[in-house]
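Colleague: I would like to go through this model with you. Could you show it to me?

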Amino acid sequence: MAWVIAIGVGLALAAGLAWLLLIRTEGVFLGRRTVIWLYDVYAGRYDGIKQFDPETEHTYLAEPILQRIPHIHAPLALDVATGTGRVPLALLEQPTFQGRVVGLDLSRKMLSVAAGKLAPFGARAALMHHPAERLPFPDDTFDLVTCLEALEFMMDPLAVLREQVRVLRPGGLLVLTNRQGLDARLMPGHTFAHDRFERLLREDFGLEYVAIDPWQVDYRIVWATKPGYAPPAGPLPLAEIWQCPRCAAIAMVPVAGGWRCLDCETRVPLGPDGVIEAAAAR
Ligand SMILES: C[S@@+](CC[C@H](N)C(=O)[O-])C[C@H]1O[C@@H](n2cnc3c(N)ncnc32)[C@H](O)[C@@H]1O
């Protein structure tokens with residue numbers, strides 16, 4: 001009888017651990033491959049689970065962002081860990097937004113959903129299958145960099161953040177989220193107390209006008225500006241900002257079935273859904 005109880009307790013503990021590692025903390029303690037695998041598995045259901053609603057996205061996301069950059073009519077934006085294209089869609093649906101958005105994510109299936117939603121916007125939206133750990137763009141490129149509900153899933157959130165600050169142009173706007181509540185406490189090393197995060201952005205990253213505002217139950221929204229000034233980039237086409245995955249030259253040109261580097265001949269295929277398969281570049 002004792003062994004039956006022992007097996008029962010063991011199974012319950014294993015199930016609890018699996019639930020904690022795979023569901024509650026979304027694979028973050030099992031490595032990047034597990035995180036991305038989980039997003040691939042849930043991609044088709046993600047929008048339904050999140051219950052995104054265009055009016056809410058307009059009022060609480062797109063409008064507050066555009067209000068902070070009123071002087072830039074056609075910003076060049078990068079959305080890191082874009083998922084199913086939430087930020088690009090919210091921005092591109094605003095009649096006042098005349099810019100371009102690059103969305104980057106490592107879950108191919110999340111990007112496929114994004115591609116379906118962003119197809120009507122043509123070349124104003126570009127989607128890249130690419131990790132957030134190294135962004136394939138030169139320093140000081142984008143007028144706006146966003147990364148929502150994603151930093152906590154990165155193996156090294158501060159390194160990923162450093163990359164985002166690197167590609168933001170001086171004077172550009174950074175928009176992040178900082179997780180809060182029970183789930184945040186279950187992810188030590190991946191989440192930050194709000195006051196610590198604010199200090200970190202100011203003191204370690206040297207950012208200005210840092211503000212952390214109430215936003216959703218699980219997240220606060222974080223605003224920050226890169227110090228200095230450079231003129232707005234404007235809606236540059238991808239070919240003028242994308243660094244070749246092999247030689248880092250800005251020399252990628254569209255060719256049949258994908259892109260090719262004029263300097264080193266590296267080819268990057270285009271998926272049937274229009275997603276740039278940069279993670280598979282050779
Ligand atoms: C909760 S979703 C957020 C998606 C979107 N930003 C939103 O607000 O709906 C987290 C996203 O981070 C992506 N992600 C996680 N780790 C990544 C990494 N290392 N590089 C790129 N994307 C990553 C996942 O694939 C997933 O799409």
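Colleague: How many helices and strands does the protein chain have?

Modeller: The chain has 8 helices and 10 strands. Helices (H or I, at least four residues) and strands (E, at least two) are DSSP runs, numbered from the N terminus. This is a predicted model, in which local features need pLDDT of at least 70 and side-chain atom pairs count only at pLDDT 80 or more, while totals for chains, interfaces and linings use all residues. Residues are numbered from 1 along each chain as its sequence is written.

Colleague: What is the radius of gyration of the chain?

Modeller: The radius of gyration is 20 Å, close to the 19 Å that the globule rule gives for 282 residues, so the chain is as compact as a globular protein of that length. The radius is taken over C-alpha atoms, and the rule is 2.2 Å times the number of residues to the power 0.38.

Colleague: What share of the residues is buried?

Modeller: Of the 282 residues, 36% count as buried. A residue is buried if 20 or more other C-beta atoms, placed from the backbone, lie within 10 Å of its own.

Colleague: What comes just after α1?

Modeller: Just after α1, E26 takes a positive phi of about 50°.

Colleague: And strand β3, how many of its residues are buried?

Modeller: In β3 (residues 125–129), 5 of its 5 residues are buried. A125, L127 and H129 lie on one side, with A126 and M128 on the other. In a regular strand the side chains alternate between the two faces of the sheet.

Colleague: Which strand pairs with β3 in the parallel sense?

Modeller: Strand β2 (residues 100–105) does, over 5 bridges; two strands pair if DSSP finds at least two bridges between them. V101 stands opposite A125 in β3.

Colleague: Last topic: in what order do the strands of the open sheet come?

Modeller: The order is β8-β9-β10, and the pairing is antiparallel. The edge strands, β8 (252–255) and β10 (267–269), each pair on one side only. Strand β9 (residues 258–261) is joined to β10 by 3 bridges, and G258 has P269 in β10 as its bridge partner.

How values were computed: Buried ≥ 20, exposed ≤ 12 C-beta atoms within 10 Å, placed from the backbone.
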